[in-house]
Amino acid sequence: GLERGAKNQFSTFSNFITTINQKKEGIGNRNSPTQLVIPNIKNVRDLPPICLDVRQKQRISIDTLPQELKAPIPPEPSLPIRTKTVKDFQDDVEKAKSSGDWKAVHDFYSTTFDSFLEINAAFKKDTNSPFNTIEDSGINAKFVNVVYDALLNTPQDVQKSVLKGIINGLLQEWKGPRTKDDLRAYCILLQNPQFSNTSTYVIYAHLLRQIAALTEADHHFLVHWSKKISQKRFKQLVDRLLQFISLRLFPAKPEEFPPMVKCTWWIPSATKVLALFNVANSLISPSIISYTDFYNSTLDHIDLMEEYHNWQCYGNSHRFSFCQYPFIISIAAKKVIIQRDSEQQMISIARQSLVDKVSRRQKPDMNMLFLNVKVRRTHLVSDSLDELARKRADLKKKLKVTFVGEAGLDMGGLTKEWFLLLIRQIFHPDYGMFTYHKDSHCHWFSSFKCDNYSEFRLVGALMGLAVYNSITLDIRFPPCCYKKLLSPPIVPCDHNTLVGICDVTLDDLFQIMPELAHGLSELLSYEGNVEEDFYSTFQVFQEEFGVIKSYNLKPNGDKIPVTNQNRKEYVQLYVDFLLNKSIYKQFAAFYYGFHSVCASYALLLLRPEEVEILVCGSPELDMSALQRSTQYEGYQKTDLTIRYFWDVVLGFSLDLQKKLLHFATGSDRVPVGGMADLNFKISKSETSTNWLPVAHTCFNQLCLPPYKNKKELKQKLIIGISNAEGFGLE
């Protein structure tokens with residue numbers, strides 16, 4: 001195996017290299033590129049698992065290291081002198097293609113990749129400069145890209161010489177800390193496109209293992225150097241690592257790889273290296289690629305709950321779980337974890353209620369297994385507030401809603417209706433709890449002081465109940481809200497600990513109050529004398545119920561002028577005041593309401609953007625996708641009525657499409673898994689064509705009479721979906 005230490009441990013890979021050399025005899029002519037085939041390695045000695053030092057219940061924190069590390073830097077060995085330029089190499093490749101003589105190209109590749117020193121000699125921008133800072137890796141990226149782009153079009157023996165050289169480099173006996181030249185070599189080798197081929201995975205795995213086992217200080221350099229890689233190459237690196245993990249989990253040809261029991265370190269190594277790229281991606285705004293590009297959909301098909309329970313049970317032990325690296329788990333998979341975790345909590349709470357009843361020798365009834373909410377439509381908010389306050393101990397039971405005076409049975413549809421109407425009333429501007437900002441099209445917490453913040457707790461509990469019961473809500477909070485909701489993701493035991501406070505920036509304010517944020521941005525870039533021209537102090541003013549009140553941003557702020565020197569501090573304190581301090585009590589009540597229902601370690605897996613998707617679903621309606629996934633009962637998709645229906649629906653405005661979705665499903669939002677997750681069904685109604693369509697929102701089912709023509713269907717459908725409030729029993 002690729003083991004540091006005694007040289008007698010290298011016998012297996014020595015045999016491997018010999019095998020490669022023997023294979024050359026069967027290659028034939030060098031002139032034509034052929035597919036790379038690496039012999040299978042069955043007997044690679046297993047390596048000890050890498051140390052998983054990523055904290056399991058907190059985010060990776062490489063970015064918190066100081067910008068310049070003061071660790072001693074090992075002396076760089078002198079590098080060989082290599083003078084070949086990008087132009088020289090390209091000329092050699094063109095000559096080889098035209099003449100069929102690949103010797104010069106073969107010699108370049110075999111020499112360049114023979115050791116880490118040679119890699120640096122070829123690709124380091126200046127061999128006499130140390131390049132020991134995080135700002136510049138010293139890598140000639142253009143040369144690296146040209147060499148790798150040409151590699152896959154060279155003859156097979158050239159490609160094998162590269163792999164042989166990489167093996168030699170990885171087999172070196174390392175003593176002491178890595179030099180920056182070593183880190184440069186790792187950074188270059190990771191970009192090798194040959195590692196997309198499964199026949200190279202044994203070598204790739206050992207490269208990943210060595211990188212994963214580097215010190216945190218070395219990882220710090222690799223992270224910052226990775227930020228400079230182009231978007232295209234960065235995405236290729238991430239995709240290659242994701243493919244490696246997927247094919248190790250579910251190999252198309254299991255015989256290609258060593259048995260899983262002998263390479264248990266493969267996946268942890270690859271995942272930890274992937275974590276470095278995830279950190280690099282998060283350090284740049286805007287990020288190099290989307291956070292969703294790190295999702296590995298293959299993980300949707302493994303036992304996620306086993307992963308989740310291992311993560312919960314083994315804490316910071318060396319036992320690997322994908323939950324230690326939540327960036328790799330898709331939002332669909334996280335939703336499954338949260339749903340199952342919620343279901344288990346519901347069952348546990350219901351079972352405890354049953355046991356308590358029996359132990360007191362009381363007759364159990366089915367209602368005790370649910371959170372039963374009875375409300376009047378005319379007193380929706382007050383009734384809901386009273387019900388949830390009285391039944392706080394039942395919040396983690398399955399929710400069932402009854403509207404007083406209506407005969408509807410809640411199989412899910414009434415719950416959706418209750419959420420929709422309640423949210424609509426609470427967020428109405430006249431209600432005063434939230435302020436709607438027209439410029440950003442979102443709501444934010446009112447900073448008005450009041451004696452009782454229980455209604456904010458109700459809104460938080462509503463959001464928690466929605467996630468807990470897999471209901472999507474039409475709430476328009478800015479992303480900052482969900483960042484605050486996860487600060488911290490687990491409610492602290494000490495009730496004196498501040499909650500809902502997070503680091504906020506001018507970008508966060510832009511998403512809520514763009515006009516004010518633009519003004520503050522102008523202040524930061526103002527070239528004149530800020531103190532004389534603006535005449536501002538570290539004090540802000542707010543109107544509350546017609547009265548102007550002043551607040552100091554720092555002690556004695558009203559006496560401290562804003563100057564060119566302290567304006568950054570002023571802007572940061574102003575943003576913090578608006579988004580944290582001025583609404584602290586309101587948001588703290590909201591935070592505790594949400595977590596009173598949704599308290600789960602599964603929240604540690606989520607990014608703020610993912611919480612938003614779980615709460616609100618997606619606002620993007622794709623009716624063509626809904627058409628493709630729709631099921632039919634009594635109809636065929638080729639029937640004339642169905643063809644009329646889709647012609648009409650696809651021609652609807654966005655507003656009418658949302659009304660149809662709300663009519664049929666109880667919500668106008670798309671769930672996490674897209675339209676296919678709605679399980680939408682159209683059933684044939686054997687009633688008169690004079691009747692309007694009917695919907696069973698509990699089952700996302702639309703009952704459609706066989707209308708005679710498209711005009712009649714459109715007319716009846718629009719009437720039905722435009723008058724869709726209230727429930728009855730057939």
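Which residues does M463 touch, not counting residues up to four places away in sequence? In this predicted model, local features need pLDDT of at least 70 and side-chain atom pairs count only at pLDDT 80 or more, whereas totals for chains, interfaces and linings use all residues. Residues are numbered from 1 along each chain as its sequence is written, and side-chain values use heavy atoms, with hydrogens and water left out.

With contact taken as heavy atoms within 4.5 Å, M463 touches L473, I475, F477, Y482, L485, F590, F594 and V615. M463 is also among the members with the most contacts to other members in the largest nonpolar core, which has 180 residues, the others being Y109, F113, W418, I426, F445 and F477. Apart from this core lies another, of 28 residues, including F652, F663, L704 and L713. Such a core is a set of buried Ala, Val, Leu, Ile, Met, Phe, Trp, Tyr and Cys residues joined through side-chain atoms within 4.5 Å, where buried means under 20% relative accessible area (1.4 Å probe, protein chains only).

Strands are DSSP runs of E, at least two residues long and numbered from the N terminus, and two of them pair if DSSP finds at least two bridges between them. Strand β8 (residues 681-684) runs parallel to β10 and is joined to it by four bridges, with S683 opposite C703. Strand β9 (residues 694-696) pairs with β10 in the antiparallel sense over three bridges, and V694 likewise stands opposite C703.

How values were computed:
Buried means under 20% relative accessible area, exposed over 50%, partly exposed in between (1.4 Å probe, protein chains only).
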